[in-house]
Amino acid sequence: MIAVPDAASVVDPERFGTVFDAHYEEIRRYIGRRLDLDTAEDLAAETFLIAFRRRSRFDPARGAIRPWLYGIATNLIGRHRRAELRRYRALARTGPPPDDDAHDQRVVDRVAAGVTVGRLSGALAGLSKGERDVVLLVAYGGLTYDEVAEALGVAYGTVASRLSRARAKLHKSLGVEIR
């Protein structure tokens, strides 16, 4: 069982491993959904390296460990924004990458998924960076509005307005109701 880290775990270099153990996979999955898996491994490791180096500046009064780590990861993803945008645009044109474990049955599924992924990728590429970050932190990270605000260092109202604008844009682009 993984120990639940507390604020002291962040500051104490001997106990920082509990922060890594508790949150690494979640952060890696979030990054992997936004970028490719190889980059996700590198950026997840970099997220925890930055967190370790900045551990003395962690302030539990400003927020919890999880949103703090998501904020670091999102900032690193921001550095890869151009590559992310190119990826979404390429997926919009070509669909999902080929499946290495392809089976005959998956062909039909992949064709349908290609259309969906292409449309969704194109719609995400049409959002501003701030809107896309909020949508993906909620959708991929499962963060609450408060946690997104902490992660991005913005007000709760900014999260709500960005998400509202993003939903409207996604609704228009995809032609479906986004809840």
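**Basis.** I am working on a predicted model, in which local features need pLDDT of at least 70 and side-chain atom pairs count only at pLDDT 80 or more, while totals for chains, interfaces and linings use all residues. Residues are numbered from 1 along each chain as its sequence is written, and side-chain values use heavy atoms, with hydrogens and water left out.

**Chain.** I counted nine helices and zero strands in the protein chain (DSSP runs numbered from the N terminus: H or I of at least four residues for helices, E of at least two for strands). I noted that buried residues make up 38% of the 179 residues (buried is under 20% relative accessible area, with a 1.4 Å probe and protein chains only). I took contact to mean heavy atoms within 4.5 Å. Of the contacts with a separation of 6 or more, 61% join residues 24 or more positions apart.

**Core.** I looked up the largest nonpolar core and found 42 residues (a set of buried Ala, Val, Leu, Ile, Met, Phe, Trp, Tyr and Cys residues joined through side-chain atoms within 4.5 Å). Helix 4 gives the most to this core, with eight residues. Domain 1 (1-96) and domain 2 (111-174) both contribute, so the core lies between them; the domain bounds come from an automatic or database domain assignment. Ile-31, Leu-69 and Val-135 have the most contacts inside the core. I listed the partners of Ile-31, leaving out residues up to four places away in sequence: Thr-39, Ala-40, Leu-43, Ala-44, Thr-47, Ala-73 and Ile-77.

**Helix 8 with helix 9.** I read an axis crossing of roughly 105 degrees, with the axes coming within 8 Å (axes are lines fitted to C-alpha atoms, for helices over the stretch in contact, and angles run from 0 to 180 degrees between N-to-C directions). The pair is therefore roughly perpendicular (65 to 115 degrees). Among the residues that meet are Val-148 and Leu-152 from helix 8, and Val-159 and Leu-163 from helix 9. I sorted this contact into eight nonpolar, no polar and three charged residues (Ala, Val, Leu, Ile, Met, Phe, Trp, Tyr, Cys and Pro count as nonpolar, Asp, Glu, Lys and Arg as charged, and the others, Gly among them, as polar).

**Helix 7 with helix 9.** Here I read an angle of about 95 degrees, with the axes 9 Å apart. These two helices are therefore roughly perpendicular as well. From helix 7, Val-134, Val-135 and Val-138 are among the residues that meet helix 9, whose side includes Ala-166 and Leu-170. I sorted this contact into seven nonpolar, one polar and four charged residues.

How values were computed. Buried means under 20% relative accessible area, exposed over 50%, partly exposed in between (1.4 Å probe, protein chains only). Angles under 35 degrees count as roughly parallel, over 145 as roughly antiparallel, 65 to 115 as roughly perpendicular and the rest as oblique.
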